[in-house]
Amino acid sequence: MIYDLKLWFTPSQRGRGLILMLFVSVSLFAEKTEYEAVSDRSPAARSLLFGIGRTHQLDTYLSPMEYRGIQVSFLTQSERMTHLAKRHISFQSTFFGAYTHTDNPAGTADYQGGRLAYDAAWHYHYSPLLGLDLKGGALVGADLGFLYNSRNGNNPAQGRFSADLSLSAGAGYSFLVPLWHGRRIPMQAHYQADLPMIGLMFCPEFGESYYEISQRGVGHDIICAHPGNSLCLRQLLTMDVCFKRVTLRMGYLFDIRQSNARFIKYHDVSHSFMLGFVRHFQLMRVKN
Amino acid sequence: MKRLLLLLLGTCSLLLSSCQHGELSYDTTPQSNLDALWTIIDQRYCFLSYKEQQLGFRWADLHAKYSAKLNSQMSRAQLFEILCQMVSELKDGHVNISTSLDLGRNWSWKEDYPENLDRELRQQYLGTDYHIGSGLKYTILPDNIAYVVYESFADAIGEGNLSDMLSYLRLCNGMILDIRGNSGGELTNAERLSRRFTNEQRLVGYICHKTGTGHDDFSEPQAEYITPSSNIRWQKPVILLVNRSCYSAANIFVRNMKEMPLVTVMGDQTGGGSGLPFSSELPIGWSVRFSASPSFDARMQHIEFGIEPDVYAGLDETLVLEGKDSMIEEARRLISGNSEAKALESPI
């Protein structure tokens with residue numbers, strides 16, 4: 001018996017069916033591929049966290065008052081072990097984005113801000129005890145952002161740019177938490193702090209307008225940043241709870257960005273509660 | 001590793017102790033707000049030394065003078081009035097206190113002088129079938145002279161608007177560019193329009209900014225040039241009509257046009273306002289505006305109190321009654337005389 005498919009399926013369903021058949025055919029007839037692990041020491045991990053918290057912002061280029069409000073953010077991080085130093089060194093990349101909305105104490109003006117940051121870190125790992133992992137190293141990063149004041153005239157916004165080399169250290173501890181009927185749930189606490197030591201940052205002169213900056217370029221407004229004029233710190237404390245198929249991550253992010261240069265004081269201090277998940281996997285390469 | 005951890009822990013405690021707070025905190029007391037306003041002007045206002053010299057006051061003395069007028073029982077409106085009186089001593093239209101009650105201002109730069117402008121009369125010259133190119137209104141007068149009115153530099157003008165306007169007016173003998181009553185706006189509009197009146201790059205002035213909190217902490221003045229537009233440019237005489245209401249970006253435009261060879265500035269001295277304004281705020285939440293970056297002319301002279309015209313002219317009230325704007329008529333006479341003289345000079 002021959003059925004007329006036109007009577008049974010709509011055109012879009014037929015299209016999707018053809019694509020599915022093509023995919024199944026390719027899967028069935030494809031040559032079986034063999035893989036091998038890139039590293040046998042530790043799997044790689046990738047996490048995605050979303051956060052919400054409070055932030056305090058001061059930028060005397062825009063206002064002498066400290067503005068307070070909320071921050072929503074995301075943080076995606078991936079970490080894997082490398083072959084360096086007998087596989088004791090890991091590579092970590094972090095991408096962070098945030099949007100802030102803050103008000104002045106009188107409630108007559110507000111800031112809107114945005115920030116994107118990327119950094120790459122290399123850590124040396126050391127395990128003095130079973131389950132405890134200490135790490136220390138360095139990271140290079142770049143930070144881009146803005147702060148916009150809805151009320152100001154010719155100085156309505158301040159741009160942010162910095163690129164720096166930081167010290168980084170952290171610790172991780174894995175443990176099992178007993179549950180009912182002898183079941184135990186694996187958990188991991190992790191802490192990491194990053195401290196910028198030297199770099200470059202954008203900072204206009206005290207009374208320099210963006211009109212002038214647009215006329216003569218930003219070259220002379222890029223200055224050296226160091227802990228003497230820009231003392232910053234990012235701390236991330238997380239707790240992973242491993243379920244059967246997914247690892248849930250909760251965290252607290254405490255981020256201080258501040259500078260005091262060219263008679264302009266700036267700070268952005270935020271506390272955020274982060275929540276997301278982690279995906280553990282093992283890097284494989286195709287076997288020749 | 002241990003050292004690194006100790007270093008980080010030490011830095012964390014240092015950070016927590018060194019974290020900056022706002023320079024000011026929320027405060028509605030009169031004295032705190034006067035102090036904050038006085039300090040903002042003292043540290044950030046760019047004409048303080050110049051104004052002290054020209055107007056004969058000492059900013060340091062004004063703090064005590066106006067503090068004596070405060071009392072803890074005074075209302076917000078009374079505080080606002082005292083603060084406005086203090087900054088009015090600067091005689092700067094760019095210094096304002098903005099509140100929900102009122103806008104604090106000193107507009108003596110235009111209010112103390114005749115306006116030399118009758119807007120209804122100006123409209124009669126434009127007629128009813130004039131062209132509008134964004135912020136520009138223009139027509140051709142019966143004696144083949146272009147008449148262009150630009151009322152505010154806050155009204156954007158595009159390159160296309162300017163090209164179309166100059167193309168339409170290209171057969172005229174000259175142009176009357178009337179910016180009377182234009183109290184400023186965007187500097188980029190002033191620059192864009194200026195570029196249509198020169199065939200070569202011209203030095204028009206200088207700009208600098210404060211680099212510190214001292215009264216005379218300024219950056220090296222940076223030369224400002226007007227480069228010719230790559231689009232259609234005006235090659236005939238221009239009479240630029242100005243009055244005391246030409247302020248801020250309009251004042252800068254007049255500064256630029258004074259360096260153009262075919263331009264004659266006619267009218268009264270401009271209102272001034274050569275400081276690029278910045279904003280800040282007081283602990284009570286009121287916004288404060290002040291001049292932050294001073295501009296100078298091509299000879300490095302202050303233009304904060306205005307620019308003198310090439311030809312002084314005012315509005316003759318008797319001619320107004322006859323339906324004539326004496327400044328426009330004088331400009332027409334100058335352009336017609338100029339074109340007749342050129343016709344006589346040119347070989348037959």
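Analyst: Helices (H or I, at least four residues) and strands (E, at least two) are DSSP runs, numbered from the N terminus. This is a predicted model, so local features need pLDDT of at least 70 and side-chain atom pairs count only at pLDDT 80 or more, while totals for chains, interfaces and linings use all residues. Residues are numbered from 1 along each chain as its sequence is written, and chains are lettered from A, ligands numbered from 1, in the order in which they are written.

User: Okay, in what order do the seven strands of the open sheet in chain B run?

Analyst: Read across the sheet, the order is 3-4-5-6-9-10-13, with mixed pairing. Strand 3 (131-133) and strand 13 (311-312) of chain B each have a single partner strand, so they stand at the edges with one side lacking a neighbour in the sheet.

User: How do strand 3 and strand 4 of chain B pair?

Analyst: In the antiparallel sense, over three bridges, with strand 4 of chain B covering residues 136-140. For a landmark, find His131(B), whose bridge partner in strand 4 of chain B is Tyr138(B).

User: Which strands does helix 7 of chain B lie across?

Analyst: For angles, axes are lines fitted to C-alpha atoms (for helices, over the stretch in contact), and the angle between N-to-C directions runs from 0 to 180 degrees. Helix 7 (residues 119-126) of chain B lies across strand 4, strand 5 (145-150) and strand 6 (174-178) of chain B, at about 135° to strand 5 of chain B. Helix 8 (residues 159-168) of chain B lies across strand 3 and strand 4 of chain B, and runs at about 150° to strand 3 of chain B.

User: Now helix pairs. At what angle do helix 2 and helix 5 of chain B pack?

Analyst: Two packed helices are described by the angle between their axes and the distance between the axes. Here helix 2 (residues 30-44) and helix 5 (residues 76-88) of chain B pack at about 25°, axes 11 Å apart. That makes helix 2 of chain B and helix 5 of chain B roughly parallel (under 35 degrees; over 145 is roughly antiparallel, 65 to 115 roughly perpendicular and the rest oblique). Helix 2 of chain B passes helix 5 of chain B in a right-handed crossing. Helix 2 of chain B makes the contact through Pro30(B), Asn33(B), Leu34(B), Leu37(B) and Ile41(B), and helix 5 of chain B through Leu79(B), Leu83(B), Met86(B) and Val87(B). Contact means C-beta atoms, placed from the backbone, within 7 Å. A crossing is right-handed if the near helix is turned clockwise from the far one by less than a right angle, left-handed if anticlockwise.

User: And how do the axes of helix 9 and helix 10 of chain B cross?

Analyst: Helix 9 of chain B and helix 10 (residues 249-257) of chain B cross at roughly 25°, their axes coming within 9 Å. This crossing of helix 9 and helix 10 of chain B is right-handed. Leu187(B), Asn189(B), Ala190(B), Leu193(B) and Ser194(B) from helix 9 of chain B meet Ala249(B), Ile252(B), Phe253(B), Asn256(B) and Met257(B) from helix 10 of chain B.

User: Is Gln201(B) buried or exposed?

Analyst: Count the other C-beta atoms within 10 Å: 20 or more is buried, 12 or fewer exposed, in between partly exposed, with C-beta atoms placed from the backbone. Gln201(B) has 11, so it is exposed. Gln201(B) sits in the loop between helix 9 (187-194) and strand 7 (202-207) of chain B. Beyond neighbours within four places in sequence, Gln201(B) contacts Tyr225(B), Thr227(B) and Pro228(B). For chain B as a whole, 43% of the 348 residues are buried.

User: Over how many bridges do strand 10 and strand 11 of chain A pair?

Analyst: Strand 10 (residues 233-242) and strand 11 (residues 247-261) of chain A pair in the antiparallel sense over 10 bridges. They form a hairpin with four residues between the strands, and Cys242(A) stands opposite Thr247(A). Strand 11 of chain A also pairs with strand 12 (residues 264-281) of chain A, antiparallel, over 15 bridges. In that hairpin, with two residues between the strands, Arg262(A) takes a positive phi near 55°.

Definitions and conventions: Contact = placed C-beta atoms within 7 Å. Pairing = 2+ DSSP bridges.
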